[in-house]
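Hi,

Here is the structure I promised to pass on to you. Please have a look at it first, and then read my notes below.

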Amino acid sequence: MAEPLKVGLAGLGTVGTAVVQLLERGRDKLVARCGRPIEVVAVSARSRSKKRDIDLKKFRWAADPAALAADPAIDVLVEVIGGEGDPAKRVVETALAAGKAVVTANKALLARHGQKLAALAERHRVALNFEASVAGGIPIVKTLREGLNGNSFTRIYGILNGTCNYILSRMEEDRLAFDECLREAQRLGYAEADPSFDVEGHDTAQKLSILASLAFGTKVDPAAVYVEGISSITLADLDAADELGYRVKLLGVAVKTEAGIEQRVHPTMVPKESAIAQVMGVTNAVTMDADGLAPITLVGPGAGGMATASSVVADLADIARGVRTPPFGRPAARMTAIGKAPMQRHEGGYYIRLLARDRPGSAATIARRLAQRHISLESIVQRHDIRAQDVRAQGLAQPGRSGEPVPVILITYATSEDAVRKALAAVRRDRVISGRPQVIRIEKN
């Protein structure tokens, strides 16, 4: 039998522990598939005394993860520490510079430093694999980098954050307000104590920047992503979406346009019959539009110890077999700077919910402002039937009473972001609506 692939593991949290367990459980199958064993020989973590579901006595302990990365007795370094800076950055750079392959689940590190790390890996002719960094157990990185490397992509989009998808699913299915669903997600461990990174869309933006780079050959740049979260979504929006044949999802979308690569994260209405609309709970999904193919959607667990560890082990198996490709599917020197498409130039349909003041001329004023921006309406609905619980949850006065605002829902035909924003700004200046308009973009199949 060939010499084992010797692994140094930096990080022994949920994912790191699961990697050890999965390698031990699948040892014989991995030998059959790779032609050699894959063995963890040394580990490093912040605490040696923390109770874990693995026997640490089997492994050498390294107090300094950077020393582990430089250890001549290991062939590959698995980094599951997390974070865009040190120690994770130092550990990965040390391993690559020492000529060791690296497997990482660290989306933040790749989103911030992916270009430089890819160049470093190529310079030392070692693998830098990161399947686990996006969408957990879904093999989306390998699909883009290898499985479809002969295709050109026009769009890639998906549900990339299980916390947000869980909250939106619970709101819809159990008719619970956002805050209540968030508390439940925290209780179940799906959301952090400070959930803002997830619910405000930043986690999805980091993952989208990695997918866009793989799909379009651009340098990873999370700053190029337009970001909105889901905290403004109400039951009234979900009800309206249901009646109109849509479902609301937080999507990360990267699409090639004449103005450049448009990258955006925001709540989105998707047709109920679409594959991505069926994805509920903490599950993730990614849809790819490529030339010569019907849209391909991959669905699976986006987080969790075993799901993420599965992707880490798959990357290790590739290294054990001697598979090495450029980290982002093409040499780092050929990755291009992003031609960022301004969000103002985005074109598509829009859902707009307004609280129109119940007085003569309000509807005419709204219609006039939309017409001035050449915005055509597919439908307009005046809602007097909002449920009492929705009224209380949103802090609204009961519609239908004299002088109180009335919810009005507008669905536009394709128009520009700039036109919608300017029209709504004019409507607010006219003081014919109360509060801020709710705007949700519509993504067609």
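Asn106 caps the N-terminal end of helix H5, with a side-chain oxygen 3.3 Å from the backbone nitrogen of Ala108. This is a predicted model, where local features need pLDDT of at least 70 and side-chain atom pairs count only at pLDDT 80 or more, while totals for chains, interfaces and linings use all residues. Residues are numbered from 1 along each chain as its sequence is written, and side-chain values use heavy atoms, leaving out hydrogens and water.

Helix H5 covers residues 107-123 and bends by about 85° at His113 (the angle between axes fitted to the seven residues ending there and the seven starting there). Helices are DSSP runs of H or I with at least four residues, strands are runs of E with at least two, and both are numbered from the N terminus. Among the buried residues of H5 are Leu109, His113 and Leu117 (buried means under 20% relative accessible area, exposed over 50%, partly exposed in between, with a 1.4 Å probe and protein chains only). Just after H5, Arg125 has a positive phi of about 55°.

Now to another spot, Tyr351 in strand S13 (residues 347-356). Is Tyr351 buried or exposed? Tyr351 counts as buried because its relative accessibility is 0%. Its side chain joins that of Asp237 in a polar contact of 2.7 Å, and that of Arg353 in one of 3.5 Å. A polar contact is a pair of N or O atoms within 3.5 Å; within protein, one must be able to donate a hydrogen and the other to accept it, and residues adjacent in sequence count only if both atoms are side-chain atoms.

Best wishes
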